[in-house]
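Dear colleague,

I am handing over the structure below, together with a short account of what was found in it. Please read the two side by side.

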Amino acid sequence: MHGLLLVCGENTPDLPEIDGLPVHRLPTRPGKSDVDPLLSAEGAGHLVVLGTDGDLAAVVLRLLRKDKLATTTLGFVPADPASAVAEIWSLPTDPRRALHLALVGDVDPVPLIRDDVGGVLIGRGVIGPVRGVAYCDDDVALRGAARGITVEPDDAGAGLVVQVTKGSLFKRRITFNARAFQLGCLPLVPLADGVPYSRPMKRWTWYRHTEDLRLVRGLA
């Protein structure tokens, strides 16, 4: 069995032992010193990440920085059954089924989303409540206040699907498909893959990267 299994964090489900599959235990949201030394190891062309959406994003960020997106296949075993990545890309959340798929399933390239402060978005981005002006490509998505904005990758459109929720008593949702989402607003903290940004921001951008993510999500 070729590949590397990266187990991120401590609260991870038990998995069956698989002969020939090296296991590397990493901290929550691993960084450069945790991931980069593994990217030159034998089997690093097929990585399987067991962890949260934030852990997966941290590993993908290192692949982006090391220019290894095009040469790395990525499987995902969600540690959280409520994983947005699993929901968006129809991945199993049962650990054994997810591991089997991650190891032998087909690669299906999906959009990789970046932001303008050096991060990536693999699953769901959340902003709000928010007051400001937002654009989806050239279309005005928001001018004023909204209860919230969610941004997700979308392989059926230009790369992003953006949902703006308005209304105080009755929710009204407006959906946009775009390659880029740009926001100027009163200071707020964006949430990407369940991880809040380190400080409040007055401007934020999510946009589709030029390379896709080689995610394993095909039928095993």
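Strand β12 (residues 160–166) pairs with β13 in the antiparallel sense over 7 bridges, where strands are DSSP runs (E, at least two residues; helices are H or I, at least four), numbered from the N terminus, and two strands pair if DSSP finds at least two bridges between them. Within this pairing, Val-164 has Ile-174 of β13 as its bridge partner.

This is a predicted model, in which local features need pLDDT of at least 70 and side-chain atom pairs count only at pLDDT 80 or more, while totals for chains, interfaces and linings use all residues. Residues are numbered from 1 along each chain as its sequence is written, and side-chain values use heavy atoms, with hydrogens and water left out.

Both strands belong to an open sheet of 6 strands, ordered β13-β12-β11-β8-β15-β16 with antiparallel pairing; its edge strands, β13 (172–178) and β16 (195–196), each pair on one side only.

Another open sheet, also of 6 strands and antiparallel, runs in the order β7-β6-β17-β14-β9-β10, and its edge strands are β7 (120–121) and β10 (139–146). Here β9 (residues 130–136) and β14 (residues 180–188) are joined by 5 bridges, and Val-133 stands opposite Gly-184 in β14.

As for pockets, the largest is lined by 23 residues, with Arg-29, Leu-61, Gly-119, Val-120 and Val-195 nearest its centre (a pocket is an open set of points on a 1 Å grid over the protein atoms alone where a 1.4 Å probe fits, with protein on both sides within 12 Å along at least five of seven lines; lining residues have an atom within 4 Å of a point). The largest share of that lining, 6 residues, comes from α2.

Best regards
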